[in-house]
Amino acid sequence: MAEIRSPLVIPLFIAHQGCPHRCVFCNQESITGRQGAASQPMRAAEVVATIDGWLARSGNDPRRAVQVAFYGGSFTALDRGYQQELLAAVQPYLEAGRVGTIRLSTRPDAIDAATVSFLRTHGVGVVELGVQAMDDRVLAASGRGHAVADVAAAFRLLREGGMRVGGQLMIGLPGETTVSALTGARALAALAPDFVRIYPTLVIRGSALAARYAAGAYRPLTLWQAVARCARLKAVFDRNRIPVVRMGLQPSPSLERDLLAGPYHPAFGELVLARIFFNRVRSLLAAIPADAIRTLSIASADLSIYRGQRNLSVQRLAALGLSSRMQLRLDPGQPRQTPRLL
Ligand code: SF4
């Protein structure tokens, strides 16, 4: 059987250029790590050099799909001529079959029918929408400058254009509660995104949120609140068979340098997976009579998320008196994330 390999994603970071907004949490330079990007816009030559470099390093494996991804900023809010320059630089690779598709991220209110048509004729196949929240109050308090209705409209237009559509959600935005976050996740799931990313809200130097935080007007989630909330949102998407492809921001030196407060952890996604795993194991063990011992079988590859960071989950099971009810069995053939009693 042919080996299936994950696609090679060639990242190109654009920042702030053309973005008409300043969301309260945003200092895009810190998030993308592209310092001074506003004064030094990426040009076509940089696009070409980056793609060539990645293709050369990847060994041009024909079995591997290749995507060029424009991350950061709001691509379709850029000047159309500049969008044209960036996308045109990728066209020779698409025509030669060396790149399969282009993906980009943008704001929901920067999508209309003409934009979808433009993207489609330039080989864009995947669009990630910065949804952030599905609650108009939270969107307003976060300075997003768009409403939930814009999200639904953008999904519809992109789908009609034959694109795959992803949604980025944030947790811990001003005005959000656990209930509103869960309601929002269900509303996004109802739009059937092809995939979702979930990011905790962080207080970044230079953002409007930093000023609110300094004035005591905004309190970020603690790390454990964010992990628990993210786990509940992921469960919503899991139930709807919508892949959650990332939880937590990509660690970078610039992000860590400008981070003032908030639930940052370089392995945030692992913490969430460990939390979900712990919840499942706890439910299984709690159903065993206190004087019985059963075998708990887990995938061998899940041992570290079973243990949790610094063995925390194992310690919590012991503190709850549940460890003594089971013997652990590692099964190399068991699917991941499926603890079960034998
Ligand atoms: S729309 Fe995106 S780039 Fe613009 S301020 Fe908001 S988060 Fe930053």
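Predicted model: local features only at pLDDT ≥ 70, side-chain atom pairs only at ≥ 80, totals over all residues.
Residues are numbered from 1 along each chain as its sequence is written.

I start with the overall division.

Now the helices. Helices here are DSSP runs (H or I, at least four residues), as are strands (E, at least two), and both are numbered from the N terminus. Two packed helices are described by the angle between their axes and the distance between the axes. An axis is a line fitted to C-alpha atoms, for helices over the stretch in contact, and angles run from 0 to 180 degrees between N-to-C directions.

Take helix 7 (residues 178-190) and helix 9 (residues 223-239): their axes come within 9 Å and cross at roughly 25°. That angle makes helix 7 roughly parallel to helix 9. For the wording, under 35 degrees is roughly parallel, over 145 roughly antiparallel, 65 to 115 roughly perpendicular, and the rest oblique.

Contact means that the C-beta atoms of two residues, placed from the backbone, lie within 7 Å. The residues of this contact between helix 7 and helix 9 divide into seven nonpolar, one polar and three charged. Here Ala, Val, Leu, Ile, Met, Phe, Trp, Tyr, Cys and Pro count as nonpolar, Asp, Glu, Lys and Arg as charged, and the others, Gly among them, as polar.

Helix 9 also packs on helix 11: the two axes come within 9 Å and cross at roughly 70°. Helix 9 and helix 11 are therefore roughly perpendicular to each other. On the helix 9 side the contact has Val227, Ala228, Cys230, Ala231 and Lys234, and on the helix 11 side Leu271, Val272, Arg275 and Ile276. These residues divide into seven nonpolar, no polar and two charged.

Helix 11 (residues 268-286) in turn packs with helix 13 (residues 312-319), at an angle of about 25° and with the axes 10 Å apart. That makes helix 11 roughly parallel to helix 13. Helix 11 passes helix 13 in a right-handed crossing. Ala274, Phe278, Val281, Arg282 and Leu285 of helix 11 touch Ser313, Arg316 and Leu317 of helix 13. The count for helix 11 with helix 13 is five nonpolar, one polar and two charged.

Most residues other than glycine have a negative phi, and most peptide bonds are trans. What is phi for Gln132? It is near 65°, a positive value in a residue other than glycine. Gln132 belongs to strand 4 (residues 124-132), and Gln132 counts as buried because 26 C-beta neighbours lie inside 10 Å. The cut-offs are 20 or more other C-beta atoms within 10 Å of its own for buried, 12 or fewer for exposed, and in between for partly exposed, with C-beta atoms placed from the backbone. Gln337 also has a positive phi, about 65°, although it is not a glycine. Gln337 sits in the loop between strand 11 (326-331) and strand 12 (340-341), and is partly exposed, with 15 other C-beta atoms within 10 Å.

Last, distance along the chain against distance in space. Leu87, in helix 3, is buried, with 23 C-beta neighbours inside 10 Å. Leu87 and His122 are 35 residues apart in sequence and 6.4 Å apart in space, C-alpha to C-alpha. Leaving aside neighbours within four places in sequence, Leu87 is in contact with Ile102 and His122. Gly175 lies in the loop between strand 5 (164-171) and helix 7. The C-alpha atoms of Gly175 and Ala190 are 15 residues apart along the chain and separated by 22 Å.

Technical notes
Left-handed = near helix turned anticlockwise from the far one by under 90°.
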